Amino acid sequence: MIGIERLDTFFAILVGMGTQPANLLLLFGATLLGIIFGALPGLTATLGIALLTTLTYGMGPAPAMVALLGIYVGGVYGGSYASILINIPGTPAAAATALEGYPLACKGEAGRAIGATTTASCIGTLIGMLFMVTMTPIVSAFALQFTSFEFFLLAFFGIIISGTLASPDLAIKGWISGFLGLFLACMGRDPLQAFPRFTFGFPQLESGLDVVAVIIGAFGIPQIIQVLGGTFRAGEARQMTRVMPSFGLMARNTGNIIRSALIGVGIGAVPGIGEDVAAWMAYGAAKNASKEPGKFGTGVYEGVIATETANNSCIGGAIIPLLSLGIPGSPPAAMLLGALMLHGVTPGPMLSIEHPNFILQVTAILFLASIAMWVIGIVLARQVVKVLRFPPQVFMPVVAVLCIIGSYGLGLNLFNLYVMLPVGIVAYFMTEMKYPIAPLVIGYILGPMADENLRRALMISHGSFLPMFTRPVCLILLTVILLTILSQMGLFRWLKGRLRAKNPGM
Amino acid sequence: MTTDKDRMRRKDFASGIVLMLFGAWVVTETVARVPMKGSWGGVMNVWYVSPGLFPIFIGSVLFLFGCVLTGIAARHLGGAAIREAARARVSALAEIRDIPEPVFRFLAVVVILVFYIYLYMSRIDFFLNSTLFLAVIIPVFYLDEAQAQRRIFAFYVAGSALLIAVFALGLDGRIGGGLPHAPDWLALLFTAAVAACAWGQARGSGERTRKLRLALSMAVAAPLLIGGMFKYFLLVPLPREGLVVAVLDAVYFGLF
């Protein structure tokens with residue numbers, strides 16, 4: 001009964017949004033912008049969301065979400081254009097797509113490949129959306145039982161797990177990145193007693209670091225320095241024929257699509273990892289499942305369909321922990337969290353109570369965004385790929401101007417700019433030394449939650465840590481955290497090796 | 001043979017030490033400045049309610065992670081290799097006669113951004129400041145010719161040093177002789193000089209002249225588009241509104 005009521009509400013929201021020309025214009029505009037952002041090497045969906053957040057500040061939460069989810073969906077999909085046509089991934093999420101997409105373009109099948117990725121991305125987004133709308137209320141209802149200890153451990157879990165999985169080198173570097181984010185969150189007056197911490201006498205620091213300044217600094221500035229500081233050379237774009245969505249091809253890949261979508265949703269739901277890991281895992285799974293794995297790398301459609309389904313289904317997956325627990329599942333979702341907070345919506349278990357229809361609203365927007373993405377992808381692909389001819393040395397400085405005015409525009413505060421650049425330079429060095437940036441941002445966002453809940457929990461228990469070991473959810477979280485940390489230690493690996501040696505079948 | 005992993009562990013060794021120092025600083029700074037007990041804002045503190053609890057936890061963990069990272073790097077490289085690497089780095093620094101290309105490119109991006117944000121953002125009209133920024137940074141990286149890059153950059157740094165001196169000594173007001181928006185006129189002159197310098201570097205090559213034309217068109221068009229959208233569409237006041245905003249205001253309010 002409740003399900004039917006929710007379905008009714010969903011369709012009412014969908015029709016309401018789909019029939020408003022302003023919303024549709026915003027949706028198509030943002031999705032197109034996202035595709036352009038994704039297609040241009042060096043720009044990512046995360047940066048797109050960050051920059052668009054500043055433009056949506058004057059809007060209400062619903063139109064803002066239309067714009068932000070539109071650019072998110074478009075941005076993740078758009079990366080495939082550059083991967084297929086110039087063999088340079090437009091976004092990290094599309095890196096795996098280049099392995100099969102470019103050989104297909106070399107065979108003169110660029111149009112057909114983009115048709116396949118467009119349809120796969122659309123289906124992936126829709127499957128992710130289905131999981132989001134069904135799983136978010138369940139996780140939220142479960143999270144309503146949480147107390148301060150659970151929330152502290154949950155924040156800690158988010159940092160440890162994202163640090164472990166997002167780190168391209170040692171897991172400890174991901175954890176360090178997360179703790180540096182927690183330190184940034186400590187700056188300003190503390191949330192319980194308003195005591196100034198690490199303000200260095202600057203009154204501008206009393207309210208802490210601005211979320212947009214930190215996120216634009218952490219994600220935008222390193223990209224600008226990397227593209228301009230490196231010797232970036234755009235590849236020669238392959239000719240693109242008419243974009244044809246081949247439904248027979250998609251039908252033959254049904255199993256591949258479902259498997260890749262499930263991988264995408266699963267990876268997306270784990271805090272801080274994101275679309276790139278999902279795409280690589282789906283590519284590996286498609287190769288393993290293929291009857292002709294030897295053909296992978298020479299231009300097979302299974303590969304591009306798997307990667308594009310997975311990275312787009314990851315969007316819905318990443319929104320599950322974001323809306324239910326307030327923990328972003330991927331870097332663009334982290335930016336989305338910042339944007340939601342700016343619009344007065346605080347994601348977490350209370351979201352369904354404070355904004356009963358918000359999850360359905362997000363579902364409707366994701367549905368419309370995936371349709372908009374498919375339409376633009378099929379109709380305008382040949383026009384959109386013209387942006388690939390634009391040299392990155394010209395558009396990156398313009399992006400820098402956008403980052404700067406965007407960072408300033410939210411608080412009309414020059415101090416935001418003075419913060420953004422050092423954060424960006426530190427993030428650049430961290431990236432160069434293979435410290436992942438996503439845990440830093442997640443740490444920064446989850447910092448206040450961790451700080452406040454740790455002290456509140458200890459206040460209730462009069463300074464005792466015992467409830468951490470007696471409450472079942474706490475115990476599970478603590479065990480997972482400890483196991484995650486231990487699994488990265490040499491002793492654990494040595495023990496595992498010894499066990500394997502004793503039991504070869506293990 | 002030095003592998004990528006060896007090089008990464010050398011960086012880890014250095015970053016681990018920095019993190020240890022940083023973690024220790026966070027702990028000592030918190031202990032020194034944040035009350036662990038006593039009264040603050042009408043609240044009687046005990047250690048577990050103190051605003052210092054969380055920073056001490058973070059600082060301690062960062063210190064510990066720094067130690068672990070340094071340990072991992074040291075174990076991978078070995079003591080002799082670390083000493084050798086440190087010696088090699090010192091002697092390599094001493095032998096540097098010219099800034100290597102990657103370092104130059106990094107420094108150029110950062111210096112141009114620093115000047116754009118810290119030096120000019122609060123002093124010069126946003127449109128002019130952004131035009132100057134783009135008129136320097138696009139040619140430096142787009143012309144793609146090492147000597148031209150360095151000359152344009154050196155010209156920009158020298159000009160900026162002169163402007164710093166003018167602003168610091170308060171000469172901008174006096175040079176203008178009461179002219180409104182004197183700093184903006186100076187910036188306009190400087191932008192024209194930078195463009196002329198870039199033109200000089202591009203002359204003689206059709207390809208470079210074409211690139212410079214695109215760069216300079218973008219330097220003028222992008223700030224007008226971006227700044228115009230924020231100022232007149234989103235109604236966001238710009239960081240500094242001067243000469244160009246006055247002209248645009250006159251046009252905008254004349255039309256609407």
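**Close-up views of a predicted two-chain model**

**Figure 1. Arg455(A) and Asp451(A) lie about one helical turn apart, being four residues apart in helix 20 of chain A.** The model is predicted. Arg455(A) and Asp451(A) form a salt bridge, with 3.2 Å between the closest N and O atoms. Both of these residues, Arg455(A) and Asp451(A), are buried.

**Figure 2. Arg455(A) also meets Asp190(A) in a salt bridge.** The N to O distance of this salt bridge is 2.7 Å. The pair joins distant parts of the chain, 265 residues apart: Arg455(A) belongs to helix 20 (residues 438-460) of chain A, and Asp190(A) to the loop between strand 1 (188-189) and strand 2 of chain A. Are Arg455(A) and Asp190(A) buried or exposed? Both are buried.

**Figure 3. Arg197(A) and Asp451(A) form a salt bridge.** The closest N and O atoms of the two residues are 2.7 Å apart. Arg197(A) is in strand 2 of chain A and Asp451(A) is in helix 20 of chain A, so the pair ties together parts that lie 254 residues apart in sequence. Arg197(A) has a relative accessible area of 1% and is therefore buried. Asp451(A) is also at 1% relative accessibility and counts as buried. Over all chains, the count of salt bridges comes to 18.

**Figure 4. A salt bridge between Asp169(A) and Arg9(B) crosses from one chain to the other.** The closest N and O atoms of Asp169(A) and Arg9(B) are 3.0 Å apart. How many salt bridges are there between chain B and chain A? The count is two. Between these chains there are also 10 residue pairs in polar contact, counting pairs with both residues at pLDDT 80 or more. On the side of chain B that touches chain A, at least two residues come from each of helix 1 (4-33), strand 2 (43-45), helix 2 (53-77), helix 4 (101-120), helix 5 (126-142) and helix 9 (206-233) of chain B. Helix 1 of chain B gives the most, with 12 residues. By type, this side of chain B has 51 nonpolar, six polar and seven charged residues.

**Figure 5. The contact between the chains takes 64 residues from chain B and 69 residues from chain A.** About 5,800 Å² is buried between chain B and chain A, and carbon and sulfur atoms give 82% of this area. Which three residues supply more than any other three of the area that chain B buries against chain A? They are Tyr48(B), Phe54(B) and Phe65(B), which supply 12%.

**Figure 6. Aromatic residues of both chains form one cluster.** The members are Phe152(A), Phe156(A), Trp175(A) and Phe179(A), together with Phe54(B), Phe57(B) and Phe65(B). The structure holds 33 aromatic pairs over all chains. In the pair of Phe179(A) and Phe57(B), the ring centres are 6.0 Å apart and the planes are at 65°, so the pair is edge-to-face. This pair crosses between chains, with Phe179(A) in helix 8 (residues 171-186) of chain A and Phe57(B) in helix 2 of chain B. Phe179(A) is buried, at 0% relative accessibility, whereas Phe57(B) is partly exposed, at 26%.

**Figure 7. Phe202(A) and Phe415(A) form a tilted aromatic pair.** Their ring centres are 5.8 Å apart, with 45° between the planes. The two residues are 213 residues apart: Phe202(A) is in the loop between strand 2 (196-197) and helix 9 (211-229) of chain A, and Phe415(A) is in helix 19 (residues 414-432) of chain A. Phe202(A) is partly exposed at 41% relative accessibility, while Phe415(A) is buried at 14%.

**Figure 8. Ser130(B) is in helix 5 of chain B.** This serine, Ser130(B), has a relative accessible area of 0% and is buried. Apart from neighbours within four places in sequence, Ser130(B) is in contact with Val401(A), Tyr116(B) and Pro223(B).

**Figure 9. Phe10(A) lies in helix 1 (residues 2-18) of chain A.** Phe10(A) is buried, with a relative accessible area of 11%. The C-alpha atoms of Phe10(A) and Gln361(A) are 7.3 Å apart, although 351 residues separate the two along the chain. Leaving aside neighbours within four places in sequence, Phe10(A) is in contact with Leu360(A), Thr363(A) and Ala364(A).

Conventions: Residues are numbered from 1 along each chain as its sequence is written. Chains are lettered from A and ligands numbered from 1 in the order in which they are written. This is a predicted model: local features need pLDDT of at least 70, side-chain atom pairs count only at pLDDT 80 or more; totals for chains, interfaces and linings use all residues. Side-chain values use heavy atoms; hydrogens and water are left out. Contact means heavy atoms within 4.5 Å. Buried area is the accessible area (1.4 Å probe) that two parts lose on being put together, summed over both. A salt bridge is a side-chain nitrogen of Lys or Arg within 4 Å of a carboxyl oxygen of Asp or Glu. A polar contact is a pair of N or O atoms within 3.5 Å; within protein, one must be able to donate a hydrogen and the other to accept it, and residues adjacent in sequence count only if both atoms are side-chain atoms. Ala, Val, Leu, Ile, Met, Phe, Trp, Tyr, Cys and Pro count as nonpolar, Asp, Glu, Lys and Arg as charged, and the others, Gly among them, as polar. Rings of Phe, Tyr and Trp (its six-membered ring) pair if their centres lie within 6.5 Å; planes under 30 degrees apart count as stacked, over 60 as edge-to-face and the rest as tilted. Buried means under 20% relative accessible area, exposed over 50%, partly exposed in between (1.4 Å probe, protein chains only).
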